[in-house]
Structure formats: structure tokens, C-alpha cells
Amino acid sequence: MLAFPAILAVHAIGMAFLVGACAAMDLRILGFASRIPLSSTDALLPIIRLGFWLNAISGVLLLIGFPTKHLTNPVFFLKLSFIAAALLDTLLILKQVVRKPPREGASVSMRGKLLACGSLVFWAGSVVSGRLLYYTFTRLAP
Amino acid sequence: MMTHYQWAWPIAECLHFLGLCLLIGTVGVFDLRMIGLLRRIPLGALHRLIPWGILGYSINLITGILFLSAYPDQYIHNPAFQIKLLFMTIAGMNVAAFYLTMYRKVAVMGSEEQAPLAARLAGAISLVCWIGVIVCGRYLTFYRPPNYFWCPWC
């Protein structure tokens with residue numbers, strides 16, 4: 001099976017760009033590198049989109065390859081829940097924080113900072129639960 | 001430690017993946033900006049996120065050394081690991097060249113400004129190397145020594 005490691009590699013690259021770009025945006029919202037104009041981080045969206053679609057496609061292929069392994073593992077559904085929460089959080093950040101930046105000199109609202117913290121936690125949860133799938137599956141084939 | 005505690009290995013792996021995200025999210029994004037994408041973000045200001053990339057790199061260096069020291073033979077004779085080290089060496093020399101020759105110019109550049117050709121090249125080399133490091137890291141498992149008979153140089 002030559003395709004399996006290649007699909008895993010694509011899944012890791014997509015993860016790095018998706019989670020990495022979201023984390024960069026979150027860190028800026030939390031006040032790091034504050035010389036970056038908050039509204040300019042909108043430019044990261046194409047990277048986030050690319051990472052998401054790389055991983056959605058490679059993820060579906062991995063699921064098709066080993067359906068029993070994943071669908072019998074509760075950690076897989078935990079991972080999907082983390083991803084859903086992270087995506088919703090990131091959408092809220094884009095709509096309510098990045099595209100509605102505070103006035104010059106003012107810091108981001110507490111709500112914006114909480115959303116950024118949530119995003120970091122949910123994306124980290126997705127990565128960790130994804131890695132732990134290998135250690136928690138009980139059945140490989142039907 | 002890595003072989004005595006059942007959870008040490010998976011925890012170190014999770015940290016290795018999180019460190020990787022930090023590295024690509026800061027250094028990788030900075031590279032993309034240098035080669036000419038994401039131009040709305042001021043180049044000099046974006047560099048302020050690099051300490052988070054150094055944190056990610058440090059996490060991965062430490063966890064990587066833990067993996068290596070637990071099963072050195074699995075790595076030293078593994079072609080995927082050897083190529084990974086090659087990519088890391090090139091990335092390291094590229095970083096040194098960037099800070100020694102280009103950083104001063106790049107640090108003061110704002111949004112919409114195009115980085116000099118040498119910096120664009122450094123950004124491209126860095127991206128290729130780190131993506132290569134990820135791919136080799138993912139392939140490590142599949143080229144552990146019992147299967148390395150095909151490797152022409154091992």
C-alpha cells in the first residue's frame with residue numbers, strides 16, 4: 001500500500017497550515033506581535049481554506065481506507081467534535097473580531113480574546129485526539 | 001523514560017505535532033509572505049511571531065531527541081530519518097544565511113512591499129525544507145530498519 005503513507009503525509013501538511021495559520025491569528029488577537037494590523041490577518045484565510053480542504057479530502061480517504069477502525073473508536077468522534085468547534089470558533093473570529101477590529105490603539109474585546117483561546121484549545125484538541133487515534137482503536141477490520 | 005512509561009511516547013508525539021503546527025504557522029507563514037503571498041500583512045511586523053516558531057522548534061527538538069534516544073537504531077539506519085536530517089541541515093544553513101545577510105532589510109518592510117530576490121529565495125527554500133521534514137517524519141514509520149533492505153545507501 002503506497003498510497004497510505006502519502007495520504008498521511010498530506011494530512012500532516014494540511015494540519016500544519018490549517019492549525020498553524022489559525023494559531024498565528026489567535027496569537028495576534030491575544031496581543032502578541034501587535035504591530036500586525038488585526039484586519040490584515042484576514043489574508044491568512046486562503047491558507048486556512050487550503051489546509052482545511054487538504055485535510056477534509058485526505059481525511060475522507062483515510063476513513064474510506066479504514067472505516068471500521070475509525071467508526072468503532074469514540075476518540076474519532078471526539079476529534080470530529082473538536083474540529084467542528086474549532087471551525088465554528090474560527091468563523092466567529094473572522095466575522096466578529098478580524099473583520100470588525102477595535103479602533104486604533106484600543107485592544108481586542110474580552111469576547112474576542114476568549115474566542116481566540118477557544119480556537120487554540122479546540123485546534124490543539126483536534127491534533128491531540130487525531131494522534132491518539134492510533135493508540136485507541138480496537139478493531140481494524142469488520 | 002520513553003520506554004518505561006506507557007503514555008510517554010503518545011504524549012511526546014502529540015507535543016511533536018503541536019510544535020510542528022506552531023513552527024509552520026509562524027515560520028511557514030513568514031516564508032509565504034516573503035515569497036510574495038499574503039502581502040496585506042506587513043513583513044517586518046509578521047516577524048514578531050517567529051519566537052513562537054522557535055518555541056515549536058524547541059519542543060520538537062526535545063521530543064525528537066527523546067524518540068531518537070529510546071530506539072537509536074530505528075532512526076539512524078532509517079532512510080526517511082536521514083533525509084529528514086538533510087532537510088533540517090539545509091533549513092538551518094538557510095536560516096543562518098537569512099539572518100546574516102537579509103534580515104536587516106526585511107525587518108523594516110511593511111505591507112504590500114516585495115521582499116528582495118534573495119529573501120524570496122530563502123523563503124522558498126525554507127518552505128520546501130519544512131514540508132520535506134514533515135513528509136520524511138510521516139514516512140519514518142514505514143521505513144524502519146527491518147524493511148530497509150531496498151535502501152541503496154543504508
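Angles under 35 degrees count as roughly parallel, over 145 as roughly antiparallel, 65 to 115 as roughly perpendicular and the rest as oblique. In the predicted model, the axes of helix α1 (residues 8-35) of chain B and helix α5 (residues 79-107) of chain B come within 14 Å and cross at roughly 45°, and α1(B) and α5(B) are therefore oblique to each other. This crossing of α1(B) and α5(B) is left-handed. On the α1(B) side the contact involves His16(B), Phe30(B) and Met34(B), which meet Lys84(B), Phe98(B) and Val106(B) of α5(B); by class, the residues of this contact divide into 4 nonpolar, 1 polar and 1 charged.

Helix α1(B) also packs with helix α6 (residues 117-139) of chain B, the two axes coming within 8 Å and crossing at roughly 155°, which makes α1(B) roughly antiparallel to α6(B). The crossing in which α1(B) passes α6(B) is left-handed. Residues of α1(B) in this contact include Phe17(B), Leu20(B), Ile24(B), Asp31(B) and Ile35(B), and among their counterparts in α6(B) are Ala119(B), Arg120(B), Leu127(B), Trp130(B) and Arg138(B). The contact of α1(B) with α6(B) comprises 13 nonpolar, 3 polar and 3 charged residues.

A further partner of α1(B) is helix α3 (residues 50-70) of chain B, and here the axes come within 7 Å and cross at roughly 145°, again with a left-handed crossing. Among the residues that α1(B) contributes to the contact are Trp9(B), Leu15(B), His16(B), Gly19(B), Leu20(B) and Phe30(B), while those of α3(B) include Trp52(B), Tyr57(B), Asn60(B), Gly64(B) and Phe67(B). By class, this contact of α1(B) with α3(B) has 15 nonpolar, 8 polar and 1 charged residues. Within α3 of chain B, Asn60(B) has a relative accessible area of 16% and is buried; leaving aside residues up to four places away in sequence, Asn60(B) touches Leu15(B), His16(B), Gly19(B) and Leu20(B).

In chain A, helix α2 (residues 45-65) has 21 residues and reaches 30 Å from its first C-alpha to its last, close to the 30 Å expected at 1.5 Å a residue. The buried residues of α2(A) are Leu45(A), Ile47(A), Ile48(A), Gly51(A), Asn55(A), Ser58(A) and Leu62(A). These buried residues pack against α1 (3-29), α3 (67-71) and α4 (74-98) of chain A, together with α1 of chain B.

Methods. Residues are numbered from 1 along each chain as its sequence is written. Chains are lettered from A and ligands numbered from 1 in the order in which they are written. This is a predicted model: local features need pLDDT of at least 70, side-chain atom pairs count only at pLDDT 80 or more; totals for chains, interfaces and linings use all residues. Side-chain values use heavy atoms; hydrogens and water are left out. Axes are lines fitted to C-alpha atoms, for helices over the stretch in contact, and angles run from 0 to 180 degrees between N-to-C directions. Helices (H or I, at least four residues) and strands (E, at least two) are DSSP runs, numbered from the N terminus. A crossing is left-handed if the near helix is turned anticlockwise from the far one by less than a right angle, and right-handed if clockwise. Contact means heavy atoms within 4.5 Å. Ala, Val, Leu, Ile, Met, Phe, Trp, Tyr, Cys and Pro count as nonpolar, Asp, Glu, Lys and Arg as charged, and the others, Gly among them, as polar. The expected span of a helix is 1.5 Å times one less than its number of residues. Buried means under 20% relative accessible area, exposed over 50%, partly exposed in between (1.4 Å probe, protein chains only).
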